[in-house]
Amino acid sequence: FLNFMVDCAQIPSRAWTLFSFSTEERDVLSFPAGQLLHIADTADRGDQVWCRVASERRSPQDWPWVPLAFLEVTNFRTEEMCARMFGSGHRDTTGGLACTADGAHLLTGSDDHTLRLHSTADGRTLQTLQLPASVQRVAVCEAARLVAVACWSPKVYLVDLDALAIVGRLEEGHNCRVQAVRLNRTGRWLVSGDLSGGMALWNVAQRTLLGRWAAHAGTIADIAVAADGRLIVSASGDWKLRVWRVARTDDTPACVPLVGHTYYVAACDLSPSDNALVVSGSHDHTVRLWRS
């Protein structure tokens with residue numbers, strides 16, 4: 001992979017936290033299908049956490065701040081900033097966000113130990129699931145109707161998207177808190193990363209651990225995984241971004257480091273069609289695009 005910088009300007013705030021490619025790969029900073037824009041940054045303001053909402057019609061320094069309990073629905077293609085704001089319903093900080101591929105539903109996880117499914121059309125909370133610990137990260141696979149949840153524990157919880165009920169647990173892959181999870185597009189493979197920098201590859205259908213390895217010297221902040229599970233990208237608090245090529249599950253994957261970021265790497269993703277592009281965001285106030 002070669003370093004190819006995105007023209008994005010320096011962002012006068014802490015970091016990029018969550019983003020992904022759209023399904024048509026036109027927009028790096030949108031939710032899948034381009035219906036929702038991701039939160040670009042968060043900040044503590046007294047007793048409430050606020051978030052910064054990205055807008056393509058404004059420069060980064062002018063992106064609006066709104067309470068984290070509210071999410072702004074935006075039609076990215078027509079550049080219309082819709083006035084639909086809705087409460088997440090959580091009683092504490094929102095930690096995990098995921099959107100279905102059609103943009104119709106949003107999943108939010110929180111330190112109040114709940115996972116909530118929302119309609120993006122009218123903001124209604126459709127279902128709520130109580131979990132045993134704070135929700136750190138949420139990943140969704142619409143094809144398999146499955147949600148993966150990283151809580152404040154070494155376990156990964158598997159949740160049925162339709163019933164919003166726990167249908168399985170992935171255990172014995174980590175010795176400390178899981179910080180990041182990602183399902184591939186078919187829902188067959190899941191990759192998880194923990195606080196100590198360890199990563200694990202799972203067969204979801206069989207609920208089995210295929211392999212685990214020490215990937216980073218710091219916490220795993222985000223993960224991306226190819227459709228076949230053979231290409232994995234990891235972003236870490238050790239300022240590193242790495243690509244892992246999985247040949248055999250009983251071996252440590254071959255590593256290709258992507259060098260360029262100068263601070264905590266907070267987010268990453270792979271282009272969905274051919275895995276030829278990697279996007280990463282860091283607390284060094286840059287977003288980088290890498291291509292093979």
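**Figure 1. Ala267 stands opposite Gly281 in strand 24.** This close-up belongs to a predicted model. The pairing shown is between strand 23 and strand 24 (residues 277-282), which are joined in the antiparallel sense over five bridges. Strand 23 covers residues 265-270, and six of its six residues are buried, so this strand is largely enclosed by the rest of the structure. The two strands form a hairpin with six residues between them. Within this hairpin, Asn275 adopts a positive phi near 60°.

Figure 2. Strands of a sheet pair through backbone hydrogen bonds, in either a parallel or an antiparallel arrangement.

**Figure 3. Ser234 stands opposite Arg242 in strand 21.** This view concerns the pairing of strand 20 (residues 231-236) with strand 21 (residues 241-245). The two strands run antiparallel and are joined by five bridges.

**Figure 4. Arg91 lies in the loop between strand 6 and strand 7.** Strand 6 spans residues 80-87, and strand 7 spans residues 94-99. Arg91 is exposed, because its relative accessible area of 63% is over the 50% cut-off for that class. When residues up to four places away in sequence are not counted, Arg91 touches Asp112 and Arg116. Ser110 is 19 residues from Arg91 in sequence, and the two are 8.0 Å apart in space, C-alpha to C-alpha.

**Figure 5. The protein as a whole has 25 strands and zero helices.** This legend gives the setting for the close-up views. Buried residues account for 56% of the 292 residues in the protein. Of the contacts between residues at least 6 apart in sequence, 43% join residues at least 24 apart. The protein exposes about 12300 Å², and carbon and sulfur atoms supply 49% of this area.

Note on methods
Residues numbered from 1 in each chain as written. Predicted model: local features only at pLDDT ≥ 70, side-chain atom pairs only at ≥ 80, totals over all residues. Heavy atoms only, no water. Buried < 20%, exposed > 50% of the residue type's maximum accessible area, 1.4 Å probe, protein only. Helix = DSSP H or I, 4+ residues; strand = E, 2+ residues; numbered from the N terminus. Pairing = 2+ DSSP bridges. Contact = heavy atoms within 4.5 Å. Areas by Shrake-Rupley, 256 points an atom, 1.4 Å probe, with all protein chains shown as cover.
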